[in-house]
Amino acid sequence: MKNLSAAVLLIFSLLTLTMGNAQIRLPQVFQDSMILQRHATIKVWGWASAGEKIELAFADKKYSATASAEGHWKVSIPAMEAGGPYTMDISGKNDIQIKEILIGDLWLCAGQSNMVHQLNIHDVTYAKDIAEANYPAIRHYKVPTQTSLQGPREDLQGGTWQAALSDNVRPFSAVAYFFALKLYEKYQVPIGLINASVGGTPIEAWMSEDGFAAFPDHLKRITQNKDTAYVNSRMSRRSNASNSASSPPQDKGLTGPEPWYSRSFTPKNWRRINIPGYWEDQGIRELNGVVWYRKEIDLPRSMAGQAAKVFLGRIVDADQLYINGEQVGRTTYQYPQRRYKVRAGLLEEGKNTFVVRVRNNRGKGGFVPDKPYCIFTEEDTIDLKGYWQYKVGQIYIPISRSATAPPR
């Protein structure tokens with residue numbers, strides 16, 4: 001993370017301004033509750049009709065600008081001390097008002113999944129931090145994840161500034177939030193977080209086109225990806241290869257006379273496997289596909305009919321949890337902690353059927369060790385670790401990567 005030396009300029013340094021419509025329009029990041037950089041010239045810009053006169057009032061001072069022939073305008077506000085809240089009024093053919101603006105320190109938070117990880121994903125570990133969050137001067141803006149192979153976009157689509165107030169802090173990057181909290185507690189200056197992180201991205205995705213001057217192969221790829229016909233052709237080949245690669249067998253657990261998650265289903269020829277653990281380490285070698293886990297869990301009378309929660313640690317890659325034939329939770333990728341709610345009335349005294357359908361695309365599949373695996377109510381906790389039964393429902397047929405690789 002680097003401290004931005006000028007308001008929001010860095011996050012938009014790659015954006016190309018184009019002609020706006022007849023009314024004044026601002027970039028998406030300029031909105032209520034935004035934070036602007038202290039001790040640096042504040043630049044406010046946008047679009048309007050060619051030649052339109054723009055008036056801007058901020059912190060008891062007035063500024064003006066005239067839109068260029070292309071419809072661009074910009075106002076520079078002299079550096080200010082930390083403080084606020086302020087209101088910004090912009091007028092031309094229409095009026096725009098931005099409220100609750102603070103002047104403080106603005107930080108760009110970029111990276112992969114470790115930076116993406118939201119407080120909400122770790123709401124058990126950070127339950128107290130979320131409940132006690134009361135920092136209106138710490139604000140977070142998540143840059144929407146959008147792809148543009150043709151080049152930089154002039155603006156963002158979506159995104160809002162949010163203050164760190166109790167449940168509102170849940171979508172904050174956990175790393176960025178605790179970083180901001182340390183700074184705020186020490187300096188008592190408003191902290192703005194622009195979260196531009198995207199999980200699983202390579203370093204090339206963060207570089208400008210000019211940065212590849214010494215890498216002709218990358219420049220060639222960039223040029224190709226600007227060609228819509230080329231991109232469509234690649235995507236079409238990928239789709240056709242996936243569809244024609246000899247129709248893969250369907251998941252037996254979902255296509256038989258009775259689904260394997262059904263409470264009345266009788267498992268035959270199922271084998272024993274341990275949870276937690278990866279199936280690659282327990283005899284199921286080199287399998288990418290779907291594996292079903294099943295176990296009868298004895299619950300005491302005190303849990304019967306009660307609302308409960310299930311912790312299933314982490315699972316690689318995706319999962320669906322069924323209890324007594326009813327789906328109670330699902331996650332589509334490997335990183336989130338599995339925290340599932342069980343509705344009141346579903347659990348019974350004695351035997352309850354737990355079934356987990358696990359789907360893995362590559363590498364080791366299964367249940368990540370050293371995580372919590374249990375079902376609990378306010379009074380009772382039942383451990384879910386130990387031996388379960390399992391059966392393979394589907395094996396994925398390998399497809400040539402060259403045939404299915406998307407444009408890159």
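Modeller: Glu349 counts as partly exposed because its relative accessibility is 45%; the classes used here are buried for under 20% relative accessible area, exposed for over 50% and partly exposed in between, computed with a 1.4 Å probe on protein chains only. The model is predicted, so local features need pLDDT of at least 70 and side-chain atom pairs count only at pLDDT 80 or more, while totals for chains, interfaces and linings use all residues. Residues are numbered from 1 along each chain as its sequence is written, and side-chain values use heavy atoms, with hydrogens and water left out.

The side chain of Glu349 forms a salt bridge with that of Arg301, at 3.4 Å from N to O. This pair links distant parts of the chain, 48 residues apart: Glu349 is in the loop between β19 (339–342) and β20, and Arg301 is in the loop between β14 and β15 (308–312). Helices (H or I, at least four residues) and strands (E, at least two) are DSSP runs, numbered from the N terminus. A salt bridge here is a side-chain nitrogen of Lys or Arg within 4 Å of a carboxyl oxygen of Asp or Glu. Arg301 is exposed, since its relative accessible area is 64%.

In the whole structure, 15 salt bridges are found. One of them joins the side chains of Arg38 and Asp105, at 2.8 Å from N to O. Arg38 belongs to the loop between β2 (35–37) and β3, whereas Asp105 belongs to strand β8 (residues 95–109), so this pair ties together parts that are 67 residues apart in sequence. Asp105 is buried, because its relative accessibility is 11%.

A further salt bridge, 3.0 Å from N to O, is formed by the side chains of Asp281 and Lys364. It connects distant parts of the chain, 83 residues apart, with Asp281 in the loop between β13 and β14 and Lys364 in the loop between β20 (350–360) and β21 (366–367). Both partners are partly exposed: Asp281 has a relative accessibility of 47%, and Lys364 has one of 41%.

The loop between β13 (277–278) and β14 (289–299) also holds Glu280. Glu280 is buried yet has no salt bridge, and the nearest side chain of opposite charge, that of Arg285, is 5.0 Å away. For such charge assignments, Lys and Arg count as positive and Asp and Glu as negative, while His and the chain ends are not counted. A polar atom of the Glu280 side chain does lie 2.8 Å from the backbone nitrogen of Glu286. Beyond its neighbours within four places in sequence, Glu280 has contacts (heavy atoms within 4.5 Å) with residues including Leu287, Gly363, Lys364 and Gly365.

Lysine side chains also take part in contacts with serine. Ser49 lies in the loop between β3 (42–47) and β4 (53–58) and is buried, at 13% relative accessibility. Its side chain makes a polar contact of 3.3 Å with that of Lys93. A polar contact is a pair of N or O atoms within 3.5 Å; within protein, one must be able to donate a hydrogen and the other to accept it, and residues adjacent in sequence count only if both atoms are side-chain atoms. Ser76, in strand β6, is partly exposed, with a relative accessible area of 38%. Its side chain has a polar contact of 3.4 Å with that of Lys43.

Strand β3 itself is mostly covered, with 5 of its 6 residues buried. It runs antiparallel to strand β6 (residues 72–77), to which 6 bridges join it; strands are taken to pair if DSSP finds at least two bridges between them. Within this pairing, Val44 stands opposite Val75 in β6.

As for the chain in general, the secondary structure comes to 7 helices and 24 strands. Of its 408 residues, 42% are buried. There are 0 disulfides, a disulfide being a pair of cysteine sulfur atoms within 2.5 Å. Cys109 is buried, with a relative accessible area of 0%, and Cys374 is buried at 13% relative accessibility.
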